[in-house]
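Dear colleague,

I am passing on a structure that you have not worked with before, together with some notes on the spaces found in it. Please look through the sequence and the model first, and then read on.

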Amino acid sequence: MTGPRFTERIAPALLAAALSAAALSSAEAQDVKAPASVAQAGKIVYCSDISGPPLGYFDENNQPVGSDIDLGKEIAKRMGVTAEFANTPFDGIIPALQAKHCDAILSQLFDKPARREVVDFVDYMYSSQALLVDKGNPKKIMSLDDLSGVKIAAENGTTIQSLVEDQNKKFQAAGKPPADLVIFPKDTDALQALQIHQVDVYGTTLESAGYYILKAPDVFEVAGGPFSKILTGIATRKGETEMHDAIQKAFDAIKADGTHLAILKKYHMEADAL
């Protein structure tokens with residue numbers, strides 16, 4: 001049946017359905033109650049060390065981009081606010097949170113028992129460690145056990161720094177020369193040290209190593225395989241349950257509707273999904 005009467009009967013139903021869909025879309029865009037301080041400010045501020053691609057780095061226009069940046073913006077969107085990223089050196093990122101320079105840390109911070117004593121976590125992905133070397137692996141390094149007498153670069157305050165320091169204790173106990181650990185303030189500085197052959201190895205996350213290999217496949221490779229897989233989380237100040245719970249609820253929604261997996265796929269990191 002067609003004609004004016006049929007159109008008149010279905011038009012209100014179609015309009016109601018359209019309005020309902022629009023209302024649902026609006027609700028989904030702001031389905032998490034923002035903490036009072038965030039709602040009042042109209043933004044959530046993250047402390048982020050924006051020097052570790054593909055999770056966080058600056059593009060050619062000096063704008064922060066990466067998987068962590070995308071996730072932070074999506075969490076803010078679910079709260080109905082905007083996202084702001086305070087570029088913070090990694091070794092000072094937890095003190096910056098505690099000093100209230102930001103609302104949360106979103107910077108590939110590994111969820112470790114010692115850190116849980118001072119911050120609360122919303123876990124959002126896995127991460128692994130890797131050893132990046134020159135193409136061809138001239139030193140034939142396959143694991144931390146092969147770093148005796150080898151010069152290795154790492155960013156200050158990172159897990160790989162702690163792992164190499166622990167490995168040096170093993171070397172000392174075995175009467176072997178320790179690894180020559182060279183610490184840099186930023187991941188990009190540590191990478192440059194490998195590029196200009198100031199060091200033999202650059203210790204970083206598998207995610208960052210994969211990004212650098214993607215950019216320069218004929219220059220770098222991962223020595224051996226990834227190791228020390230660990231949960232990675234967004235950190236909030238200890239005991240601030242309103243902030244923690246809002247971020248948790250936002251992330252749960254982002255994970256459930258496939259948005260987070262899409263972000264990880266965008267940066268070829270879907271293997272790190274929870």
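Which residues lie nearest the centre of the largest pocket, and how many residues line this pocket? Please keep in mind, while reading what follows, that this is a predicted model. The lining of the largest pocket is made up of 14 residues, and those that lie nearest its centre are Pro54, Tyr211, Tyr267, His268 and Met269. Helix α8, which covers residues 206-215, gives the largest share of this lining, with 6 residues. Sorted by class, the pocket lining holds 8 nonpolar, 2 polar and 4 charged residues, and the volume of the largest pocket comes to about 270 Å³.

I then turned to the cavities, where the count of those of 30 Å³ or more comes to 1. The elements that contribute two or more residues to the lining of the largest cavity are α3 (67-79), β5 (104-110), α6 (159-173) and β9 (201-205), and the largest share, 4 residues, is supplied by β5. In total, 24 residues line the largest cavity, and Phe90, Gln108, Glu155, Asp187 and Thr205 are the ones that lie nearest its centre. By class, this cavity lining consists of 6 nonpolar, 13 polar and 5 charged residues, while the volume of the largest cavity is about 270 Å³.

When you open the model, you might begin with helix α8 for the pocket and with β5 for the cavity.

With best wishes

Notes:
Residues are numbered from 1 along each chain as its sequence is written. This is a predicted model: local features need pLDDT of at least 70, side-chain atom pairs count only at pLDDT 80 or more; totals for chains, interfaces and linings use all residues. Side-chain values use heavy atoms; hydrogens and water are left out. On a 1 Å grid over the protein atoms alone, a cavity is a set of points where a 1.4 Å probe fits but cannot get out, and a pocket is an open set with protein on both sides within 12 Å along at least five of seven lines; lining residues have an atom within 4 Å of a point. Grid points are joined across faces, edges and corners, and a volume is the space filled by probe spheres set on the points. Ala, Val, Leu, Ile, Met, Phe, Trp, Tyr, Cys and Pro count as nonpolar, Asp, Glu, Lys and Arg as charged, and the others, Gly among them, as polar.
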